Amino acid sequence: MPSFFTRIWNVLRWGRLDDDVREEVETHLALIEEEERANGIASAEARRNARLRFGNPAVYREQMREANRAIWLDNLWQDLRFASRQLLRNPGFALGAVLLLALGIGVNAAIFTIIRSVVLRPLALPESDRLVSVLQRTKGGFETPQSWPDLLDLREGNHVFESTAGFQQDTTFIFSSGGEALNIKGSRVTRDYFATLGVQPIAGRVFDAAEGEGRNRVAMLREDFWKTALGADPAILQKNILINGQSTAVIGILPAAFRFPSTDSVIWMPLVPVGMERNRGFHAFSMLGRLKPGVTLTQAQADLEIIMSRLAREYPDQNGGHTAKVVRLQDWSLDEHIRDRLVFLQIAALALFLMACANVSSLLLARYSARRAEFGVRMALGASRMRQMRQHVAESLLLTGLGCMAAVGLAWGGVRFLIWLYGDEMPRASEISPDWKLVGAVAAVTIGGAVAIGFTTALHGQAKGLGTSIREDSRTTAGMKGVLTRKSLVVFQIACAVLLLAATGETLQSFRALLQVDLGFDRRHLITMRVNLPSAKYRQGAEIAGFFEKTATDMSALPGVGKAAAINMLPIAEWGFNGSVNVEGLPPLDRAFFAEYRWITSDYFSVMAIPLLRGRIFLPEEMSGKNKAAIVNETMARKVWGEKDPLGAHISMFSPEWITVVGIARDVRQTSVSAAPSPEVYMPAKSYTGSFPTWSVVIRSALPAESLVPGIRRAIHSEEPEAAVDHVKTMDEVVADSVSAQRIVATLLLCFAGLALVLAGLGLYSLVTFTAAARLPELAIRGALGATPRALIQLVGREGMALVAAGLITGLVAMIPLRPLLTKYVFEVTPVSLPAFVLVLLVLLAVGGAAVLVPAIRAVRTDPIRVLRQE
Amino acid sequence: MSKPTDLVQGTLDLLILTILALEPMHGWAIAQRIRQMSGEALLVGQSALYPALHKLEQLAWIEAEWKISETNRRAKYYSLTPTGRKALTEEAANWERLSTAISAIVRAV
C-alpha cells in the first residue's frame, strides 16, 4: 500500500515536493552544462545547450505535478463513477442493500439518540454533576422522600453540602382565568431551591425569607407558560393571578428551559408544611443538595448516614432502622425501568443491525461470485490488486454512504415516532434533539465498515489465481469459500432471529401476564377522575374530607350512578403518600413499620369491590371521626402480625393516640400494575389532617362514561365552583395507561422480531437461490437420468434446512446464558412456557421452509434440456 | 519504425531498476549510464526519465535521498529497495520471456 499513502502524503505536502522537483531539475541542468563545458564549449553556449537538451523545466514540473497528484484523485473519481455504474446496472440489489443498511443504522441511531438525550446527557443545570437527591431507605427496603423534621436535621447537620433544598414532587395547582378552573403542574419548593439548582429568574426575583413562609401569596412561573396562558403580559410582575382560589403575586419568571422537578412543571410556590405534614413519620418532601466542590457521593453518603443513625436513636418510633441514600440528581429523575427498557431495545436494535450487515455482506459476496469472471479478465488485462480492491471499497462506500444518508432521515423520523409513542412516559422529552455528533459517529463507523467489507470481499477472490476464476465461471460451481462464508452469515442471522423471537415471545407473554394480574378490585364499569380543591378555601384536612364525603353522597344520588366514593390516592394511578406506623406492644426498635396512607369515604370498599377478608368496614361513628379506627391490607397484616390476629391491635401514625385495627382488606395493586402491593393502612376521610387538596373520585355505573360525566362535573361545581376536574377516565383506561410503557416495548420488540424474521428469511432465500442456480446443470442431469422432482427438491432443500437447524440450535444455545438477563427487562417474570416456545419454533420453521422451498422448487422446475444446451 | 530509439513501453522501468541494482545514482547519471551501456543506441529523454523515476518511487521500488555528488553538487540519489529488487527479478524474467517470444516470431516470419 505504500503508493496509496505516498499519494495522500504528496497531496498534503505539495509545496515541499514542488521544491524537490525544482531542485532536481536545476541539478540536472547544471550537470549537462558541465558536460558541455568539459567538451570545450563556452559557458553561455553550454547553458543554452543544456536548456535545449532538457526542454522547458516549467512544463516538465507541471507534468510531474500531474503524475503525482492527479492519478490518485482521478482514480478515486473513476472508481466512484464505475461503482455507481455497477450499482445502477443492478438497481434491485442497490436499493435492497441501501434499504437494509438504512434500516439497521436508522433504528439504532433513533434509539441511541433517545438514550443519549434522556439517560446520558447531564441535566441542563450548571455543574449538574454536583447535584444529588437524598432519599431515605426504610428497614423494609423502601426508598421514600424525607419527612419535614428529617429534612431540616439533614440540612443543619451535614458537612458535605454547599446548600440544600426541599420540594414536593408533582403538585397540582388550580389556575383560574375566567372560564373553568384548570389544573397546572408545578412544585412547592423551599427558598433555596433555585440557588441550589443554580437557576436564575429571567425577570423578577425568587422568594424572600418572609414569602418563603407563606403558602399562597407568591408564585414563580415558567417563561412559556407566561407567554401562552398570560399572553406574555409585560406588566405581569406587578400583577396578581388566581392560584388555588387565592390572588397570588407573580414575582419571577423562570427560563423556559428550566424543567425541574418534571418536564411539565410551570409554576413554583413556597413550601410550607402544615398539620400532620410536620410530623417526623410523614414522608412527602424530596430533598436535593449541591455538594461542595470535590466531595464525592460516597463521602456524602457516609456523612448523612451518621446523622440518620443519630435520628434513628433519638426517634425510634419514626426513624428506627432508616438510613440515607444519596443518588445523582440525574439518575434520580429517571425511572430506572425506562432506562432498562431503552437499553433492552438498543440491544435488540443492535442485533437487527448485525443481521442487516450480514445480509448486505452476503449480497455483496453473491455479487462478487457472479462477477468473478469479470475480475479475472480485468486482472489478466493488468489491473493491479490494489486497484481492484479500491474498486470494491468504492462500491461498498457508495452503498453505505447512501444507506447512511437514508438512515439519518429514518432515525430522525424514528425519534419523533418514539417520543410520540412514549408520550408522558418519556422524561426530558423536550431535551431530545438531533445529535450531529452522533450522525458523525454513525457515518464514521459506516465508512469504516464499508472499507472492511470492501477489503474482505476483494481478498476473498485473490487467494485463487486469476486463471481459476475465469475457468470456474464457465462451470458455475462458484467459489465454495464464498458460499461457506455466506452460509455462516445465514446461520448467524437465523440465530439472531431466534434470539429476538424468543425474547419477544417472553416479553409478550409477560405483558399478557401483566394484563391478567389480579388488581384486587373490579376494574369494570368504574369511572375515575381527579378533583383538585382551591387550597385557599380548604385549609384543613377536615374541610377537604368534608367536601369529598358530601360530593360522593351527592353523586350517588345522580340517575344511573350506582355508588360513588373518594380516596386521596387512586390505586395504580397515584402513589407516594406514606409514612411510619407504630405497633403497640412491640419493643421500641422493632415497632416502626412503613406503610401507604389512604383516607377513604364511606362506600369506597363497596364501590371498588374490594373484599374484606376479616373484620368489618368503618362504622358511622368512625367515619364521623368520633372513634379512631383503621383497616389494614393483607400484606401489612402478614408483615406486622404474621400468624397473630391483627384485629383489635393498636397502631399509631403521625400522632401519639392509638388507633384500633378493625378489618383486613384484600391487597390491591397500588403504585402500578406490576409492582407488588406494599403495606397499606386505610383510615376514614374525616381523620385526614393534611393539606393536599387533590383527591380522586370513583363511580361505579353500568352507563357509558360520556353520558355521566357532565352530570358529575355539575355536581362537583355546584358544591365548589373553583374545583378543577381532570383525568376523567374509566378504570380500564387507567390500567391501560399504566402499562403503556410496557406496551410500547412489546410492540417495538414485535416489530423488531418481524423484521429479524424477514431479514433471516431473505438471507436464506438468496443463498438457496444462488446455490440452486449453481447446481442447475447437476440437477438437470439427475433429472434426465430419472430422478423425481420430489427427490431433487429434497436434494436442494436438505442443504437449506440444515442451515435453519444450525441457526436454530445456535440461537437456542445462546439463549441459555442470555435468558437470565432478559428477566431483568420483562415485566412479570413467567416461567419458560412450552406453547410459546413451540410457537417460536414453528414460526421459524415455516419462514425457513418457505425461504428454502420456493427457490428449490423453482430450480427443479427449470427445463433440463435448456440448461444442458446452455452448457 | 521512424524512431528506432523509442523504448518499448515498460522497458525503461526495467532499465532503471537494472542500473540502480549496481549502485545508487542520480537522474543525470542514470541517463548517461543507459546511453553508454546501450552503446549510444538508447537515448533517454529527461521528460521520460523523471516521471519514470517518480513512478518507481511511489511504487516503493526505489527510494531517493539528497546527497553530495563527486563533483560536489547536491543531487537526488536513487537506490533500489528490497521490494524493488524482487520486482527487478520478476520484470527481468518477464522481459526474457517476451523478447524470446518476439524474436521467435520475427525470425519465423
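**Reading the sheet, the helix and the cores**

Tutor: Strands of a sheet pair through backbone hydrogen bonds, either parallel or antiparallel. In chain B, an open sheet of 3 strands has the order 1-3-2, with antiparallel pairing; two strands pair if DSSP finds at least two bridges between them. Strand 1 (25-26) and strand 2 (62-68) of chain B stand at the edges with a single partner strand each, so one side of each has no neighbour in the sheet. Strands here are DSSP runs (E, at least two residues), as helices are (H or I, at least four residues), and both are numbered from the N terminus.

The model is predicted: local features need pLDDT of at least 70 and side-chain atom pairs pLDDT 80 or more, while totals for chains, interfaces and linings use all residues. Residues are numbered from 1 along each chain as its sequence is written, with chains lettered from A and ligands numbered from 1 in the order in which they are written.

Student: How many bridges join strand 2 of chain B to strand 3 of chain B?

Tutor: There are 7 bridges between strand 2 and strand 3 (residues 74-80) of chain B, and the two run antiparallel. E65(B), for instance, has Y77(B) of strand 3 as its bridge partner.

Student: Which residues of helix 2 of chain B are buried?

Tutor: A residue is buried if 20 or more other C-beta atoms lie within 10 Å of its own, exposed if 12 or fewer, and partly exposed in between, with C-beta atoms placed from the backbone. In helix 2 (residues 27-37) of chain B, the buried residues are G27(B), W28(B), A31(B) and I34(B). They cover an arc of only 130° around the axis, which puts them on the same side of helix 2 of chain B; the arc is that of the directions from the helix axis to the C-beta atoms. G39(B), with a positive phi near 60°, follows helix 2 of chain B.

Student: Which residues touch the most other members of the largest nonpolar core?

Tutor: A nonpolar core is a set of buried Ala, Val, Leu, Ile, Met, Phe, Trp, Tyr and Cys residues joined through C-beta atoms within 7 Å. The largest has 222 residues, of which L352(A), I494(A), L500(A) and A756(A) touch the most other members. Helix 24 (residues 740-774) of chain A gives the most to this core, 18 residues. Another core, of 21 residues, lies apart from it and includes L31(A) and L53(B).

Student: What average pLDDT does chain A have?

Tutor: pLDDT is the predictor's confidence in each residue, from 0 to 100. Chain A averages 83, and 88% of the residues score at least 70.
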